[in-house]
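Work through the exercises below with the sequence and the model at hand, and try each task before reading its solution.

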Amino acid sequence: MKSRFVNYFLIFMMGSFVGYTYEMCLRMGRGIEFINKGYSYGPYLPIYGYSLLILWFFNKKIIQKKISIHNINISPFIVFINVFFISTIFEYISGYLLELIFNKRWWDYTGAFLSVNGYISLQSSIIFAIWGVFNLYVLIPCFNFFLYSKRDHSKKYFCHGPILCVYC
């Protein structure tokens, strides 16, 4: 049980850090000055951590099962569709609730193609679907390999080190 909680916490932190990195790269690519966009201290945005956990819970059995049609693994496609819809719904609800609670819009897609109330757009949904599939199929398995590898215990420091730096 403790190991499972630690794994979920580390997935949350990884998603938060990767999301923060994505946001900062996006801002720098647009020539916008570097600011901490979130409400927390440190290089992480919790909304990305929560979304990655939700995506993991809804898709881990599909990833493990490997659904095939005519010997072609279609699990990644099903996961992509799931991630597309789950992340779009999560982003819409999050945007609405954040604006309701803080009386501030944290992002605005007004004017973007197929934007709905400025909370979601087709482009953002596709980007987040690609981001989610990459995290579910590449980053989380690599992260778990380094964390739980029995061959070399020094690999655990690779995973725990960056997280400890955030809190020290």
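**Exercise 1.** Is Y119 buried or exposed?

Solution. The model is predicted, so local features need pLDDT of at least 70 and side-chain atom pairs count only at pLDDT 80 or more, while totals for chains, interfaces and linings use all residues. Residues are numbered from 1 along each chain as its sequence is written, and side-chain values use heavy atoms, with hydrogens and water left out. Buried means under 20% relative accessible area, exposed over 50%, and partly exposed in between (1.4 Å probe, protein chains only). Y119 has a relative accessibility of 7%, so Y119 counts as buried.

**Exercise 2.** Work out how the rings of Y92 and Y119 are arranged.

Solution. Rings of Phe, Tyr and Trp (its six-membered ring) pair if their centres lie within 6.5 Å, and planes under 30 degrees apart count as stacked, over 60 as edge-to-face and the rest as tilted. The whole structure holds ten aromatic pairs. For Y92 and Y119 the centres are 5.1 Å apart and the planes stand at 85°, so this pair is edge-to-face. Y92 itself is partly exposed, at 25% relative accessible area.

**Exercise 3.** Which residue lies over the face of Y119?

Solution. A charge sits over a ring if NZ of Lys or CZ of Arg is within 6 Å of the ring centre and within 35 degrees of the ring normal. R105 lies over the face of Y119, 4.3 Å from the ring centre. The charged end of K104, in turn, sits over the ring of W106, at 4.4 Å from its centre.
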